[in-house]
Structures are given as C-alpha cells and as structure tokens.
Amino acid sequence: MSAQSDSLHTFTPQAFHRQAHDALGNPQIRANFRRAMDGLMAKRRDVFSDWDLETLRELGANIRLRALAKLPTLLEQLEANCEANGIRVHWAEDGEQACRIIRELCEARGAKSVIKGKSMVSEEMHLNAHLEAAGITALESDLGEYLVQLNEQTPSHIIMPAIHLNTDEISAIMQAKTGTKKTRDVDYMTAAARAQLRERFMAADVGISGVNFAVAETGTLCLVENEGNGRMTTAVPPMHIAVTGIEKVVERLRDVPPLYALLTRSATGQHVTTYFNMISSPRKPGERDGPEEVHLVLVDNGRSSIYQDDELLDTLRCIRCGACMNHCPVYTRVGGHTYGTTYPGPIGSILMPHMLGLEATKDLPSASSLCGACGEVCPVKIPIPDLLVRLRKEAAGEGRGNVKGAGAKRSRKEVAAWKSWQWLATHPSAWRGSTKLAGKFSVLTPSRLGPWTDHRTSPKPAKTSLHVLVQQHQAQTAPSAKLPAKGGPAKEES
Amino acid sequence: MSARDTILKRLRERMDGPLTAPESNFAVVTHRGWSGEERLARFEAMITSVHGEVIHVTDSDWTATLADVLNRKSIVRLALGREHPVAWAAREALAGSGIELIDVDRDVESWKREQFERVDAGLTSTRGAIAETGSLWLWPTPDEPRLLSLVPPVHIAVLDADAIEDTFFDVIEAHRWADGMPTNALLISGPSKTADIEQTLAYGVHGPKELVVLVRHTSRKGA
Ligand code: SF4
C-alpha cells in the first residue's frame with residue numbers, strides 16, 4: 001500500500017492538459033464515467049420530483065451561510081460541547097499538522113493498525129501515506145475506497161471513489177490482490193470484501209472517520225453512509241478519531257435534516273441513506289460497546305484564507321455531494337483522475353487552487369465550459385461558474401490578488417499584445433494606418449498562435465478592412481450620406 | 001500562538017469584515033399533514049423500496065410472528081437484550097423453542113469474535129420511525145448496544161405503528177433531541193448496501209443483509 005503515495009504523483013494538476021488528452025483517448029474510461037453519470041443525473045431528477053426543490057435549496061444555502069457567518073463562535077461552541085461530552089478536540093493549521101496529531105494519538109495507544117471510514121479530508125492531507133511511514137497500516141473500509149486502495153490509486157469521485165473501474169477490472173484487482181476467483185458476480189465480490197474487512201475491523205486499534213456535519217449546539221458528529229463501514233469504524237475499535245474541515249460545523253441540531261435531505265438526494269438520488277450515525281460521546285460507564293476514546297481533529301488547510309473574501313467564501317458552503325461533478329460536461333468526459341487533485345470536477349476547480357496555489361492549479365478553473373450546470377444543481381446554491389471566472393481572473397493577475405499564486409497564468413506576451421491593441425484602438429489614425437499595413441502584409445502573419453490554433457486556423461487580415469469596404473459601399477449607394485467622422489472599433493459609444 | 005488561536009484569529013479578523021446571518025424558514029421540512037394511515041403507508045412504501053421487509057403484527061401476537069420469521073430464515077442464534085419489554089417478551093416466548101438466545105449485556109471485548117461470527121440475527125426495539133424517508137430511529141442502550149443492529153447478518157426491529165412521525169425534523173423537534181443527545185443516535189433505512197461495483201446494488205456489504213421490521217399495531221377487542 002505504499003504505492004498509495006506513488007499514485008498520487010501519477011496524476012498532477014500541472015499536467016491537466018495531457019491527462020485530459022489521454023482520458024479522452026481512452027474509450028474504457030469514457031464509457032465507465034458516461035454510464036455512471038447519466039444514471040446519477042436521472043436518479044437525482046426523479047428523487048426531487050415531488051419536492052419544492054428551490055425552497056429546500058434556499059434553506060440549505062441559508063443554513064450554510066448562517067454557519068459561516070458565525071464560524072469562529074460556532075467552532076468554540078462545538079469544542080466546548082464536545083469536550084463536555086468527553087470528545088477531545090484538536091486543531092490543525094494544515095494537513096501536515098493534522099497528520100502529526102493523528103499519528104501521535106495512534107502512537108500514544110500503541111496502535112499498529114487503523115481502519116478508516118470514508119474521509120475526503122484525510123485524502124486531502126495524504127494521511128495513509130503519513131501513517132504508513134510511521135509503521136501504522138491504514139486500511140480503507142468503504143468498499144469503493146478499499147478497491148481503489150487495493151489498486152494503488154486515489155479516488156476519482158468524492159462519493160463513488162471507484163467509479164472509474166468496471167466490474168471486470170474490479171474482479172481482476174480483487175483476484176490479484178486478495179485471491180478471490182474471477183467473476184462478474186457482484187454479490188460474490190461484495191461478500192468476499194465483507195469477510196476480508198470484518199477481520200480487519202475486529203483487529204483494528206483505531207477507527208478514523210470523516211464528518212458530514214458537526215453540530216455546535218450539542219457537540220454531535222454526524223456521518224452519512226450506506227454500507228455500515230462508518231458505523232463499524234466508529235464503534236468497534238477502542239479509539240475513534242474523526243477528522244473534518246473547519247467549515248463542516250452547523251449551528252443547531254435542527255439545521256441537520258434539511259442538509260441531510262439535500263445531500264443524499266443530490267449525491268446519489270437516494271431519499272435517504274441506509275445509515276445516519278450521530279455520535280456525541282465516547283462509551284459511557286455501563287455501555288457495552290463503542291470506543292473508549294473519541295477525538296475530533298479540526299483542519300484548516302487553506303479554509304480560513306478562503307474565508308477572508310466575500311466572494312470566495314461561498315466555496316465553503318459545500319456539503320460534498322458531488323452533484324456538480326456528476327453534471328459537469330468536462331468531468332463526465334475526462335473523469336476524476338485527470339484533475340490530478342483530491343477534489344476533482346467543478347468543486348475541485350474552485351477549492352484546490354486555495355489548497356495548492358494557482359501555480360499548480362492554474363488550468364483547473366479553465367477546465368469548464370461555463371455552461372452553468374454545476375451551479376444549477378448545487379444543493380446549497382454555490383455560484384460555481386462565477387467562482388471559476390473569478391479564479392481565472394486571479395490566475396491571469398486581474399483579480400484582487402488574494403488567492404495563493406495569483407497571476408500564475410499571466411503571460412507577458414499576452415499582456416503586451418493587449419496593451420498595444422488598447423493603444424491602437426484609442427488612437428484612430430494609428431488604428432487606420434495599422435489596419436492598412438496589416439492588410440498589405442497579411443501573408444506575413446504567423447500561421448500558429450499558440451494553443452489557440454491547435455484546433456483552429458490562424459486568422460489572416462483581409463486585404464481591405466471592413467471599415468474601408470463600408471465607406472466604399474456607402475459612397476456608391478448614398479453619395480450624400482454623411483460618414484462618421486471617426487473610425488475605430490473602440491468608439492462604439494462616447 | 002496555538003493552531004487553535006491562529007485559526008480563530010484569522011476567522012475573526014476577516015479581511016472583508018463581519019458577515020450577517022440570513023434567517024432560516026424550516027417549513028419545507030415539516031408540516032406534511034399526513035393522517036396516521038398515510039404515515040404508515042408512506043413508511044412501508046419507502047422502507048420496502050430500499051429492501052426492508054415489513055410485517056404487520058399486533059401487540060398480542062407479535063412474538064408468534066417473530067418465531068415464524070426466525071424459523072423461515074433458519075435463524076438459530078438470536079442476540080437480544082434483557083430489560084426492554086421487547087426483549088423480555090421475546091425471551092419469554094422463545095424459551096424452549098430451540099432458538100439459542102444470546103446475551104448482549106456484556107462488554108463487546110469479551111465476545112467480539114463470537115458476535116461477528118456466530119450470531120445469525122439481532123433483535124432490537126426502536127424509538128420510532130420517519131414516514132417521509134422510511135427510517136427507523138434508535139438510541140442504543142447498555143441493554144441494546146450499538147453493534148446489535150449492525151454486526152449480525154439479519155436485523156429484526158420492532159416498531160410501534162403509532163410511533164411513526166412525518167419527518168426527521170419533526171422527530172428531532174418533538175422529542176427535543178437537542179436537550180440531551182445520547183452517545184449514539186441512529187437512523188436506519190434498510191439493510192447495509194453498496195453500489196461501488198459499477199453501480200450494481202449489493203446488500204450486506206458490512207452490516208446486515210436483511211432488515212425485517214415488525215410493525216406492531218394495538219390489538220382492538222374483537223379484531
Ligand atoms: S459544490 Fe455544490 S454540487 Fe458540488 S459537491 Fe459541493 S455542494 Fe455538491
């Protein structure tokens with residue numbers, strides 16, 4: 001499983017263009033994603049059919065905004081209530097610090113083996129690799145995550161980690177790594193995984209999980225899942241460590257039902273998931289099972305910097321349903337690994353630049369047709385297209401400059417070209433002179449203009465400009481008509 | 001400065017200044033106005049749509065039905081509590097039936113492997129249910145611990161028909177959950193499932209493969 005860290009280097013956001021090219025040329029990947037995403041879109045549509053979806057989205061967005069408006073106070077309240085319930089709370093400024101906290105908690109218990117529920121934050125901080133390096137095995141227990149881990153890969157979707165693999169591929173992986181027989185029988189494979197993982201649940205010293213909502217009012221950690229591996233992880237081992245981004249807090253318990261309703265329906269088109277698990281304390285005296293120790297690790301990792309800016313802040317409303325990726329025409333064609341980041345798709349493109357900086361991720365905000373599908377389906381109404389545009393500007397050095405790596409995509413040539421155009425366009429005689437010259441020497445213009453001409457032919461200036469043609473035409477048809485005094489495209493309005 | 005203080009300071013000294021919180025109107029998640037019958041029908045339709053099995057029983061004959069279910073499913077080792085009236089009545093009825101009754105009122109450490117490998121089914125009570133989503137709600141206790149509804153391959157849950165409410169929001173509000181949460185509160189909607197292998201549904205991936213809900217109705221005189 002040490003290859004987990006290698007695979008992280010297989011795909012990088014810097015190589016987005018090459019990876020997209022490769023994915024588009026891979027019919028298997030395209031078919032696997034297309035089929036899955038089409039199904040998810042249809043299911044989501046059906047499951048909301050008898051709901052006042054707009055009102056529910058409005059409420060969801062309000063709840064998230066209210067939580068963010070009171071964020072520092074709610075985090076303190078969450079901490080106080082968790083501690084009062086017996087849950088120890090830890091804070092981490094970045095992924096590395098969070099990994100260290102978790103490793104130290106494991107070491108303090110002499111833990112050698114960790115079983116994990118699904119947690120995107122732990123992916124974001126590369127927790128498994130960190131624990132492996134310290135001699136602690138970390139095994140994923142969500143079936144999709146387990147398969148991806150067996151295959152020495154990272155998840156390609158935040159809800160369905162193994163969506164890029166089809167049944168035959170999964171059978172081959174399980175056969176090679178666990179000795180099961182080759183089959184297309186999903187029940188057989190599921191049963192085999194159940195047996196393999198049950199042993200590990202029993203043996204694990206520590207269970208690590210994510211958190212879907214953390215309730216400040218009661219100090220409660222909510223977990224959403226279908227498989228029961230989350231319940232196993234948080235109930236069987238003697239210690240449970242929950243890890244979450246600081247934005248996952250909600251103010252009151254009554255805020256949970258609307259968000260839960262939006263999450264399950266948006267994610268997989270389910271009315272409800274099989275389990276909704278709410279944990280408020282470690283095992284109390286007299287109780288027969290559950291962990292003796294529960295810890296909560298609150299991770300910042302770039303979130304407090306997103307929090308600074310009124311516009312960027314909307315990113316933190318996200319409840320990680322994955323609907324934006326299911327509906328994105330780019331994601332559905334290139335798949336999740338292409339992005340080379342923990343969070344792929346539209347949400348990844350607005351979140352990862354803050355975590356990794358725009359130097360590494362400058363292509364991601366452009367990996368969108370801006371068709372608006374992501375913003376339309378987002379259950380908490382995050383204006384994703386607007387944020388993509390904002391980050392494109394930041395990448396080009398035209399935003400407020402408060403995103404890490406702002407200006408990374410700024411090209412000196414491009415800036416100089418626009419500057420000269422601007423000057424020409426506001427100086428009519430120079431403009432007329434230059435268009436005349438361009439017409440005369442049109443054969444000399446370059447046939448390649450960077451990536452723009454990869455799929456287009458380079459434009460050639462016409463021998464005679466439109467302006468001159470119109471003048472000639474008007475002179476012929478209406479000799480008395482008055483011509484505009486000034487020319488130049490920049491003078492459309494005064 | 002500690003990580004905690006640094007993070008809180010950054011959040012408090014926000015570049016764009018303080019934020020205002022919008023009002024929330026929760027009407028969309030409550031006030032369904034269903035009758036008792038509609039609630040029951042809705043609950044049943046929803047939980048069966050996710051592979052839950054519903055059997056209607058009365059408070060006088062339910063243990064006989066339980067015995068039938070165990071028989072039909074060839075369950076010979078049933079784990080259950082002792083104190084809850086549901087467990088108590090089941091023990092009474094099943095004594096001498098040949099079904100092995102397994103105590104769960106002991107620390108998991110002392111019988112982890114036994115629980116994982118030798119129990120055929122777990123029987124639990126429920127606190128109520130939610131019509132809108134077909135969910136049971138449970139607050140595990142020392143008498144009926146958390147793993148009883150999770151580890152055995154079959155979970156049999158007893159639900160009183162008049163304990164079904166419209167929505168999750170209604171349950172949280174009506175029972176004032178916020179005033180005191182238990183160690184673990186649970187919603188269960190169907191047996192454990194996954195669609196991680198090419199979107200094909202498979203049951204019992206980690207938890208129970210089957211969920212049987214005995215919905216108990218108050219027996220009327222002459223009925
Ligand atoms: S951005 Fe919206 S649609 Fe995308 S994962 Fe987050 S909540 Fe879901």
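Let me start with a term: buried area is the accessible area, taken with a 1.4 Å probe, that two parts lose on being put together, summed over both. The size of an interface is often given this way, as the accessible area lost when the parts come together.

Hello everyone. A word on the model before the details. This one is predicted, so local features need pLDDT of at least 70 and side-chain atom pairs count only at pLDDT 80 or more, while totals for chains, interfaces and linings use all residues. Residues are numbered from 1 along each chain as its sequence is written, chains are lettered from A and ligands numbered from 1 in the order in which they are written, and side-chain values use heavy atoms, with hydrogens and water left out.

Now to the interface. Between chain B and chain A, about 7900 Å² is buried, and carbon and sulfur atoms give 58% of that. Thr183(B), Ile197(B) and His206(B) supply 10% of the area that chain B buries against chain A, more than any other three residues. If we go by contact, meaning heavy atoms within 4.5 Å, 78 residues come from chain B and 102 residues from chain A.

What about polar contacts? I mean pairs of N or O atoms within 3.5 Å; within protein, one must be able to donate a hydrogen and the other to accept it, and residues adjacent in sequence count only if both atoms are side-chain atoms. Across this interface, 49 residue pairs are in polar contact, both at pLDDT 80 or more. Of the elements of chain B, α1(B) gives the most to the side that touches chain A, with eight residues. Helices here are DSSP runs of H or I with at least four residues, and strands are runs of E with at least two, numbered from the N terminus.

The two chains also share strand pairing, which takes at least two DSSP bridges between the strands. Strand β9 of chain A, residues 275-279, runs antiparallel to β9(B), and five bridges join them. If you want a spot to look at, Phe276(A) stands opposite Leu187(B) in β9(B).

On to salt bridges: a side-chain nitrogen of Lys or Arg within 4 Å of a carboxyl oxygen of Asp or Glu. Nine of them cross the interface of chain B and chain A. Glu173(B) and Arg254(A) meet in a salt bridge, at 3.1 Å from N to O. There is also a network of salt bridges linking Asp309(A), Glu311(A), Arg390(A), Glu394(A), Arg400(A) and Asp16(B). Over all chains, the count comes to 48.

Let's stay with chain B. Its secondary structure comes to six helices and 12 strands. Buried means under 20% relative accessible area, exposed over 50%, and partly exposed in between, with a 1.4 Å probe and protein chains only; of the 223 residues of chain B, 56% count as buried.

Which residues form salt bridges with Arg82(B)? One is Asp103(B), with the closest N and O atoms 2.9 Å apart. Arg82(B) lies in the loop between β2 and α4 and Asp103(B) in strand β3, so this pair ties together parts 21 residues apart in sequence. Another is Asp105(B), at 3.2 Å from N to O. Asp105(B) sits in the loop between β3 and α5, so here the parts tied together are 23 residues apart in sequence. Arg82(B) is partly exposed, at 37% relative accessible area, and so are Asp103(B) at 23% and Asp105(B) at 27%.
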